Amino acid sequence: MGLGSFFKRGKKEKADAEECHIEIVSDDCDGCEKCIIACPNNVLMLAGDVSTVRDAQVCKRCRVCVAICPNECITVN
Ligand code: SF4
Ligand code: SF4
């Protein structure tokens with residue numbers, strides 16, 4: 001494997017990490033913190049009285065947060 005493909009692979013991994021898109025509809029969030037507590041990767045945090053994304057780069061797309069939210073306000077793509 002040449003150096004070129006090494007760099008290409010590095011770029012792809014970075015692109016995959018960036019593809020994780022977490023959307024939280026803050027109007028529907030009541031700040032119960034269930035998603036924050038349940039996330040195994042500490043991706044989410046409370047900001048004011050709603051859940052917000054602390055670090056999308058460490059999200060593993062397990063969607064535990066999506067499943068646990070009682071208000072269905074999280075989507076992870
Ligand atoms: S999909 Fe999983 S890792 Fe990502 S924010 Fe939700 S619970 Fe955390
Ligand atoms: S589980 Fe849903 S309602 Fe509760 S803090 Fe998270 S996003 Fe908001």
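Let me begin with the largest cavity, which holds about 100 Å³ of space, where a cavity means a set of points, on a 1 Å grid over the protein atoms alone, at which a 1.4 Å probe fits but cannot get out, and its lining residues have an atom within 4 Å of a point. The volume is the space filled by probe spheres set on the points, which are joined across faces, edges and corners.

This is a predicted model, in which local features need pLDDT of at least 70 and side-chain atom pairs count only at pLDDT 80 or more, while totals for chains, interfaces and linings use all residues. Residues are numbered from 1 along each chain as its sequence is written, chains are lettered from A and ligands numbered from 1 in the order in which they are written, and side-chain values use heavy atoms, with hydrogens and water left out.

Of the 14 residues that line the largest cavity, C39, V43, C59, C62 and C65 are the closest to its centre. Ligand 1 sits in this cavity, in the sense that more than half of its atoms lie within 2 Å of the grid points. Around ligand 1, counting residues with a heavy atom within 4 Å of it, we find among others P40, N41, K60 and R61.

What lines the second largest cavity? Its lining is made up of C29, D30, G31, C32, E33, K34, C35, S51, C69, N71, C73 and I74, and about 70 Å³ of space lies within it. Ligand 2 takes up this space, and of the 13 residues around ligand 2, C29, C32, E33, C35 and C69 come nearest.

Definitions and conventions:
1 Å grid on protein atoms, 1.4 Å probe; cavity = no way out; pocket = protein on both sides within 12 Å on 5 of 7 lines; lining within 4 Å.
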